[in-house]
Amino acid sequence: MAIQRPKGTQDHLPDGSPKLSLDTRAVAFQHVQDVSRRVLERAGAQFLATPVFEEAELVKRGVGGSTDIVRKEMFTVYYFGDHGGFILRPEGTAGLVRAYLQNGLKQLPAPLKLWTHGPMFRAENVQKGRLRQFHQVDYEVLGSTDPLVDAEAIALMVDVVAALGLTGVRVKLGSIGDPADRETYNAYLRGLFGAHVDRLSDDSKERLERNPMRILDSKSAGDQALIAELGVKPMLDFLGDDARAHFEAVQTYLNSWDVAYDIDPSIVRGLDYYRRTAWELHHEGVGAKSALGGGGRYDGLAEQLGGPLVPGIGWAFGIERLLLAMEAEGLDVPGSGGPLLYVAALDVANVGHAATLAIAARRVARAEFAYRAVKPGTAFRDAERRGARLVALIGSDEVARDVVSVKDLATGVQMTVGTRDLPAYLAGHLEPSGSVAQAAPAQENA
Ligand code: HAM
């Protein structure tokens with residue numbers, strides 16, 4: 001058997017490929033990126049891209065040493081003579097904040113809104129919607145502690161899912177307080193779980209030492225049973241006055257904009273940099289435990305990376321999960337469509353001329369050509385298979401008269417156009433957006 005792709009990765013395929021699903025369709029990925037771009041750039045976010053590999057230290061300090069991501073799921077990058085000090089990024093936030101600090105973006109007007117998309121890597125147990133290389137759309141706002149920024153970020157996430165046509169999405173909103181609140185909460189959890197250490201999974205025994213809150217996020221059924229049995233109080237009960245006022249302000253804004261959400265007192269999130277507002281978006285089609293996306297405030301992250309104090313907040317969607325949710329709702333994504341013009345030569349001597357015409361036409365629209373001489377029937381069949389709107393057949397007569405004979409496959413109308421007039425003729429078939437215009441009803445053309 002030929003070499004296969006690594007487990008937990010997917011190929012993004014062109015339309016027409018056999019066994020295509022929405023989450024492996026390349027145009028569907030582009031659609032999610034395009035829709036996100038439109039929503040986020042209208043809100044003032046600017047695109048920024050960072051490398052897919054970073055210093056391991058960045059992820060350890062950023063994402064946090066007690067997280068599953070750092071302890072179990074990092075892909076280490078080795079190259080000749082190197083000691084393996086790099087990792088493939090498991091998420092975008094730490095790299096984005098690094099880039100912000102390193103490139104002096106603090107000088108830009110605050111709050112600065114940034115967005116990116118790209119592949120992320122986590123060595124997870126692979127299952128539906130849980131991959132080792134997956135893709136995120138990521139939005140970050142740096143330089144403000146204002147709860148209005150939190151509410152706007154959540155509302156933008158809701159705008160993205162709405163613009164994709166998704167309806168079955170729920171926002172689960174919580175707060176994990178300020179660091180001092182979390183210390184109080186962790187002390188409470190240590191006391192509670194400390195009396196039942198023998199019943200905790202090995203992972204959670206370690207979590208009890210490092211970061212007891214992580215126990216609540218445990219994937220072990222035994223741990224979850226113990227949590228339910230002990231009636232563990234949620235983090236929300238431990239918020240200090242400042243964090244509580246912040247949380248309430250976020251809700252007031254969301255209420256005033258009619259952004260629906262459910263308070264989830266048990267929200268933990270799988271990364272250590274969060275404080276105060278934290279939330280996730282869920283969808284039935286993706287599975288109860290798998291979020292479509294999530295985010296939160298991370299006011300201490302820049303300092304943790306060795307920079308100055310820069311408050312921040314942001315979120316990320318998993319693109320594959322958005323597509324699984326869209327598929328579950330029966331939503332589709334338009335195909336990339338065919339060329340406006342397909343040019344075919346009827347004899348070998350004119351194949352080059354057909355190519356020249358198509359290449360010149362590309363200044364106006366998408367144009368393709370046949371690489372060998374074909375009979376008219378074959379030319380029309382090939383054009384249809386490619387989804388072309390117009391077909392031009394080139395024989396010696398057309399070349400001698402310096403014209404192109406063009407048939408509109410949508411209306412059946414045939415025209416002879418001077419070679420020089422071809423671009424203008426093609427432009428007449430385009431929408432202002434550049435896409436191919438719909439054919440007018442046949443009787444008006446007849
Ligand atoms: P996260 O919750 O770890 O947050 O990931 C965000 C989203 O990425 C998840 O909700 C999910 O849709 C997708 N995702 C995560 N892991 C996988 C996987 N193994 N397979 C498929 N999809 C996955 C973050 O990454 C934060 N950086 C979000 C953020 C930005 N917080 C502040 N700013």
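A backbone N or O atom of glycine 314 lies 3.4 Å from a nitrogen atom of the ligand, a polar contact in the sense of a pair of N or O atoms within 3.5 Å; within protein, one atom must be able to donate a hydrogen and the other to accept it, and residues adjacent in sequence count only if both atoms are side-chain atoms. The ligand has 650 Å² of accessible area on its own, and the protein covers 96% of that area. Such areas come from the Shrake-Rupley method with a 1.4 Å probe, and for residues only the protein chains shown count as cover.

Before I continue, two remarks on the source. This is a predicted model, in which local features need pLDDT of at least 70 and side-chain atom pairs count only at pLDDT 80 or more, while totals for chains, interfaces and linings use all residues. Residues are numbered from 1 along each chain as its sequence is written, and side-chain values use heavy atoms, with hydrogens and water left out.

To return to the ligand, a polar backbone atom of leucine 131 is 2.8 Å from a nitrogen atom of the ligand. For glycine 129, a backbone N or O atom lies 3.5 Å from a ligand nitrogen atom.

Which residues of the shell are closest to the ligand? They are Glu91, Thr93, Leu131, Glu140 and Tyr274, out of 26 residues that surround the ligand; a residue is near a molecule or strand if one of its heavy atoms lies within 4 Å of it. By type, the shell divides into 10 nonpolar, 9 polar and 7 charged residues. Here Ala, Val, Leu, Ile, Met, Phe, Trp, Tyr, Cys and Pro count as nonpolar, Asp, Glu, Lys and Arg as charged, and the others, Gly among them, as polar.

Strand E6 (133-142), strand E10 (291-297) and strand E11 (312-318) each supply at least two residues of this shell. E10 gives the most, with 6 residues. Helices (H or I, at least four residues) and strands (E, at least two) are DSSP runs, numbered from the N terminus.

These strands bring us to the sheet. In what order do the 8 strands of the open sheet run? The order is E1-E5-E6-E11-E10-E9-E7-E8, with mixed pairing. Strand E1 (46-47) and strand E8 (262-263) stand at the edges with a single partner strand each, so one side of each is left without a neighbour in the sheet. Two strands pair if DSSP finds at least two bridges between them. E10 and E11 pair in the antiparallel sense over 5 bridges, and phenylalanine 317 in E11 is the bridge partner of glycine 293.

Next, helix H4 (residues 93-102). Of its 10 residues, 8 are buried, so H4 is largely enclosed by the rest of the structure. Buried means under 20% relative accessible area, exposed over 50%, and partly exposed in between (1.4 Å probe, protein chains only). The buried residues of H4 are Thr93, Ala94, Gly95, Leu96, Val97, Arg98, Ala99 and Tyr100. They pack against strand E2 (53-55), helix H2 (56-63), strand E5 (112-121), E6 and helix H10 (301-304). After H4 comes glycine 104, which has a positive phi near 65°. In the loop between H4 and E5 we find proline 111, and the peptide bond from alanine 110 to proline 111 is cis, with omega near -5°.

Aspartate 258, in the loop between helix H9 (241-256) and E8, has a positive phi near 60° although it is not glycine. At 72% relative accessibility, aspartate 258 is exposed. Aspartate 402 likewise has a positive phi near 60°, and is placed in the loop between helix H14 (396-401) and strand E15 (403-408). Is aspartate 402 buried or partly exposed? With a relative accessible area of 39%, aspartate 402 is partly exposed.

Asparagine 186, by contrast, is buried at 11% relative accessible area, and sits in helix H6 (residues 179-194). Leaving aside neighbours within four places in sequence, asparagine 186 is in contact (heavy atoms within 4.5 Å) with Asn211, Pro212 and Met213.

Finally, the protein as a whole. Its secondary structure comes to 16 helices and 16 strands, and its C-alpha trace spans about 90 × 55 × 45 Å along the principal axes. Of the 446 residues, 50% are buried. The accessible surface comes to about 21300 Å², and 51% of this belongs to carbon and sulfur atoms.
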